[in-house]
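Welcome to a short tour of one protein model. Take a moment with the picture, and then let us walk through it together.

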Amino acid sequence: MPEGDTIHRSANRLRPALAGRTLQRIEAPRASGRPPAPGARIEAVDAVGKHLCIRFEGGTILRTHLRMTGSWHLYRSGERWQLPAHLARAVIEVEGYVAVCFSAPVVAFERDQRSISHLGPDLSLPLDDQGLTDAVARLSALADPGEAIADVLLDQRVACGVGNVYKSEVLFLCGVDPFTPLACVDEPTRRRLLDTAARLLRTNIATAGPRVTSPGGLAVYGRAHQPCRRCGTPIQRALRGSQARSTYWCPTCQPPR
């Protein structure tokens, strides 16, 4: 599933081509809700956590969630698409450009933001000290104290943008065992985890190329059985939860509490 930095990168790529332009064509045959009519002005392209929202004059919002399968592509008019047309879930054409959302399981036209109003602060956006304090407070108020900290970091109600990659990377960088119950993680550590996640997300939005969280690339994610870059211990991997999400960690650098 794409992380928050992926969605923000997509929004940053689409925004210069779409924002302020007049809609010439829109197709979204499987979307819920009513699309805007051609001739409407595109007012903004925003990322909200893992949701990408395209806002049209009149109040209509196209919201997509890419999950594991979706992607947004931007083409010049007449340029050949890289994926087959039958995978297109939304097509937005303006003068000079065509934006195509492929294979996204969530494509909806909405008139308000109730569907994402539950989300916590977006860690991919600049977060001041008060914003970080609010995120820590939401973590304490919304999460089950007995829940593993690895699962809590994925709770988009607390703070949005963190997925499996950043979950594992942040816990490693902060030296926290992924399976530590939230109740056993003190407030300074909770704050450090969210602050580290925000810093990594923003850094990777601003840079091109593969995601990097430590010298050499990723510290633990996708490196099961390879030596830890810090201590040499083989990296471990476990599948957790109903969706069998991967968690990677170093048992030496992240000792259980």
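## Starting at a helix

Glutamine 130 sits in helix α2, which covers residues 129-142. Keep in mind as you look around that this is a predicted model. With a relative accessible area of 48%, glutamine 130 is partly exposed.

## The protein as a whole

Stepping back, the protein contains five helices and 10 strands. Its radius of gyration is 20 Å, close to the 18 Å that the globule rule gives for 257 residues, so the protein is as compact as a globular protein of that length. The C-alpha trace spans about 60 × 35 × 30 Å along its principal axes.

How much of the protein counts as buried? Of its 257 residues, 51% do. The accessible surface comes to about 11,900 Å², and carbon and sulfur atoms account for 51% of that surface. Among contacts between residues at least 6 apart in sequence, 62% join residues that are at least 24 apart. As for charge, there are 33 positive and 24 negative side chains, and the centres of these two sets lie 5 Å apart.

## A helix wrapped by its neighbours

Now find helix α4, residues 164-173. Nine of the 10 residues of α4 are buried, so this helix is largely enclosed by the rest of the structure. The buried ones are Asn164, Val165, Tyr166, Lys167, Ser168, Glu169, Val170, Leu171 and Phe172. What covers them includes α1 (4-18), α3 (149-152), α5 and β10. Just after α4 comes glycine 175, with a positive phi of about 70 degrees.

## Aromatic rings

The structure holds four aromatic pairs. In one of them, the rings of tyrosine 75 and tryptophan 81 have their centres 6.2 Å apart and their planes at 20 degrees, so the pair is stacked. Another pair, phenylalanine 179 with tryptophan 249, is edge-to-face, at 4.9 Å centre to centre and 90 degrees between the planes. Phenylalanine 179 belongs to the loop between α4 and α5 (187-206), while tryptophan 249 is in strand β10 (residues 245-249), so this pair ties together parts that are 70 residues apart in sequence.

| Residue | Relative accessibility | Class |
|---|---|---|
| Tyrosine 75 | 2% | buried |
| Tryptophan 81 | 24% | partly exposed |
| Phenylalanine 179 | 25% | partly exposed |
| Tryptophan 249 | 13% | buried |

Ring pairs also link Tyr75, Trp81 and Phe102 into a cluster.

Alanine 44 is part of strand β2, residues 42-48. Where does its chain come back in space? The C-alpha atoms of alanine 44 and glycine 20 are 7.3 Å apart, although the two residues are 24 apart in sequence. Setting aside residues up to four places away in sequence, alanine 44 touches Cys53, Ile54 and Arg55.

Arginine 202, in helix α5, gives a second example. At 28% relative accessibility, arginine 202 counts as partly exposed. Which residues is arginine 202 in contact with, leaving aside its neighbours within four places in sequence? They are Leu123, Ser124, Leu125, Pro126 and Leu127. The C-alpha atom of serine 124 is 5.2 Å from that of arginine 202, and the two residues are 78 apart in sequence.

## Two backbone angles to look for

Most residues other than glycine have a negative phi. Arginine 67 has a positive phi of about 50 degrees although it is not a glycine. Arginine 67 is located in the loop between β4 (61-65) and β5 (71-76), and its relative accessibility of 41% makes it partly exposed.

Serine 103 is likewise not a glycine, yet has a positive phi of about 60 degrees. This serine 103 lies in the loop between β7 (97-102) and β8 (106-110).

How values were computed
Residues numbered from 1 in each chain as written. Predicted model: local features only at pLDDT ≥ 70, side-chain atom pairs only at ≥ 80, totals over all residues. Heavy atoms only, no water. Helix = DSSP H or I, 4+ residues; strand = E, 2+ residues; numbered from the N terminus. Rg over C-alpha atoms; globule rule 2.2 N^0.38 Å. Buried < 20%, exposed > 50% of the residue type's maximum accessible area, 1.4 Å probe, protein only. Contact = heavy atoms within 4.5 Å. Areas by Shrake-Rupley, 256 points an atom, 1.4 Å probe, with all protein chains shown as cover. Lys, Arg positive; Asp, Glu negative; His and termini not counted. Charge placed at Lys NZ, Arg CZ, Asp CG, Glu CD. Phe/Tyr/Trp six-rings, centres within 6.5 Å; stacked < 30°, edge-to-face > 60°.
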